[in-house]
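Subject: Structure handover

Hello,

Here is the structure we talked about. Please open it alongside this message, and then read my notes below.

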Amino acid sequence: MELNQLTAHELLEKLKSQESSSQAILKSLYTRMQKIEPQVKAYARSQAVESPALNFKATGDLRGLPITIKDNICTEGLPTECCSKILEGFRPPYDATVINKLKENGGAIFPLKANMDEFAFGSSTENSYFGPTHNPWNLNCVPGGSSGGSAAAVASDEAIWALGSDTGGSIRQPASFCGVVGLKPTYGRVSRFGLIAFASSLDQIGPLTKDVQDAAILTGLISGYDPRDSTSVNLPVPDYTQSLTGDIQKLKIGIPKEYFIDGMDPEVKTIIQEAVNKLKNLGAVINPVSLPHTEYAVPVYYIIATAEASSNLARFDGVQYGFRAKADTLIQMYKLTRAQGFGQEAKRRIILGTFALSHGYYDAYYLRALKVRTLIKQDFDKVFSNFDCIVAPTSPTSAFKIGERAQDPLKMYLSDIYTISVNLAGIPAISIPCGFTKAGLPVGLQIMAKAFNEEILFRVAHTFEQNTDWHKLKPKL
Amino acid sequence: MSIDKETIKHVAHLARIELQPNELDKLSGELHEILGFIDKLSNLNVDQVKPASHILPISNVLRDDQPHLSLSLNKALENAPSKKGNFFSVPKIIE
């Protein structure tokens with residue numbers, strides 16, 4: 001195997017024994033990119049021009065191991081454009097806290113950023129100003145989104161591991177579509193400082209990796225309290241690799257009946273049921289549970305997320321950074337900058353969110369949505385008082401064709417039907433590969449736990465992974 | 001609840017986005033459909049439910065008031081589309 005095909009923990013062993021070097025690993029990534037990046041387009045400015053990684057602390061444990069970063073996480077001096085025209089050419093004057101942590105630990109920030117839906121608005125990575133990313137398992141399909149570039153890069157060995165962000169499923173759904181591991185940590189577990197905000201009450205940064213062990217390592221590195229993010233929580237960060245015990249005996253797992261609905265691909269359903277049987281055979285106790293407000297999650301999300309986005313994106317006005325349209329008056333400069341700088345989906349969400357917050361509609365939409373959010377959270381609280389975790393599909397289908405849902409926003413929004421509740425409830429969830437459709441597309445299994453209980457997720461995910469071979473399969477490119 | 005074109009125009013103005021006539025037509029259809037879907041929420045009785053204004057039980061987060069360095073002027077201005085001296089420059093506001 002080439003270096004770029006290995007997991008991070010395998011490469012860390014090689015770096016430790018000086019059998020390999022940071023430079024050699026970077027070289028292997030570029031060699032891979034020169035071959036396949038023209039087809040996959042996992043990176044924002046899809047080009048395989050070799051440049052060095054960002055500086056890191058030489059004595060750190062990661063010993064210069066490269067890591068790929070989504071285009072909405074600020075990296076000092078390196079373009080961070082949210083795959084939007086309005087941020088074209090933006091080079092942040094500071095690092096996000098997660099980037100600081102990685103550099104301090106010896107992580108080599110890869111000098112190209114991963115592609116994404118503009119401002120993370122989407123479930124397919126088709127809404128990128130730089131053009132769509134293609135699914136490594138079938139180049140005619142989407143990689144999922146919005147962290148589709150990160151997921152595709154990891155799946156196609158154009159990255160060792162990656163960071164993404166998840167507001168309504170943007171790590172887990174692409175992980176599922178690309179056959180990799182993706183975790184959305186508990187809200188408040190990872191600092192959002194330097195993550196360009198989409199919906200501040202929902203956003204979390206998390207890992208996309210080739211296996212569960214890598215996800216456990218990376219989550220440990222980026223987690224923890226940050227005085228610069230007042231929503232980050234001051235709780236000790238456990239050593240998540242200690243959770244990889246391989247033992248799920250007597251663990252109580254709930255299967256939510258509301259997740260097995262019409263509209264779910266029957267093939268996905270069968271694969272998920274087989275995965276649940278596997279967990280049962282491995283010693284878990286499986287029982288049906290109910291999350292009765294599940295059907296309200298998507299409508300609640302598209303009010304809260306767009307309302308917060310409309311407020312967060314007000315800062316893109318052509319004054320301080322990025323693109324500015326030519327105009328004679330200030331108001332016209334704002335209006336034209338935003339009209340020309342934002343893509344269609346961004347405009348749609350800003351206008352929907354502004355509407356939901358506007359005079360006369362606030363109570364009917366935004367306030368009502370906040371109340372239903374409480375009901376959705378209570379559903380989970382109730383289940384977690386009796387169960388250790390919940391297991392469900394990550395997405396109702398495998399990867400869909402590029403263009404298939406691009407003209408139908410509502411259908412696209414429904415791609416996230418199984419992932420959105422987790423963000424609304426603030427809890428952590430992981431997606432791991434659990435099978436393939438007959439067409440050869442990966443399917444993801446989602447595991448959810450109560451807040452700050454990532455350990456259970458790693459334990460169950462790792463046990464399942466070590467007893468299956470799905471994570472070892474690689475796309476033929 | 002439905003949304004007419006006048007409302008969309010008004011909201012787009014509030015959001016400082018200049019919409020082209022064809023964009024307005026397209027958005028009007030799309031938002032109508034999305035809001036129709038969202039109207040599902042009116043089926044629920046939420047009179048007794050408290051809004052989830054924050055999902056974690058933390059409030060009033062304070063830190064020690066200690067002086068520290070922030071971004072230098074040069075760094076803060078380095079991405080500006082237009083600047084004059086130590087300021088961001090914009091089209092004239094007052095005649």
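The buried residues of H2(A) pack against helix H1 (8-16), S1, S2 and H4 of chain A. Buried means that 20 or more other C-beta atoms lie within 10 Å of a residue's own; 12 or fewer is exposed, in between is partly exposed, and C-beta atoms are placed from the backbone. Helices (H or I, at least four residues) and strands (E, at least two) are DSSP runs, numbered from the N terminus. Packing rests on contacts, where C-beta atoms, placed from the backbone, lie within 7 Å.

This is a predicted model: local features need pLDDT of at least 70, side-chain atom pairs count only at pLDDT 80 or more, and totals for chains, interfaces and linings use all residues. Residues are numbered from 1 along each chain as its sequence is written, while chains are lettered from A and ligands numbered from 1 in the order in which they are written.

Back to H2(A). Its buried residues are Ser22(A), Ile25(A), Leu26(A), Ser28(A), Leu29(A), Arg32(A), Met33(A), Ile36(A) and Val40(A). The helix also bends, by about 50° at Gln34(A). A proline, Pro38(A), follows within four residues. The bend at a residue is the angle between axes fitted to the seven residues ending there and the seven starting there.

Just after H2(A) comes Lys41(A), with a positive phi of about 55°, although it is not a glycine. Lys41(A) sits in the loop between helix H2 (22-40) and strand S1 (66-70) of chain A. It is buried, with 25 other C-beta atoms within 10 Å.

Thr125(A) is another non-glycine with a positive phi, of about 60°. It lies in the loop between S2 and H4 of chain A. With 35 C-beta neighbours inside 10 Å, Thr125(A) is buried. Ser146(A) is in the loop between strand S2 (108-114) and helix H4 (148-155) of chain A.

Ala197(A) is 112 residues away in sequence, yet 7.6 Å away in space, C-alpha to C-alpha. Beyond its neighbours within four places in sequence, Ala309(A) contacts Phe198(A), Ala199(A), Arg349(A), Ile350(A) and Gly353(A).

Helix H11(A) has a kink of about 25°, centred on Ala369(A).

Now chain B. It has 3 helices and 2 strands, in the order α-α-α-β-β. Its radius of gyration is 23 Å, well over the 12 Å that the globule rule gives for 95 residues, so chain B is more spread out than a compact globule. That radius is taken over C-alpha atoms, and the rule is 2.2 Å times the number of residues to the power 0.38. The C-alpha atoms fill a box of roughly 55 × 45 × 25 Å along the principal axes. Buried residues make up 15% of the 95 in chain B.

Best wishes

Technical notes: Contact = placed C-beta atoms within 7 Å.
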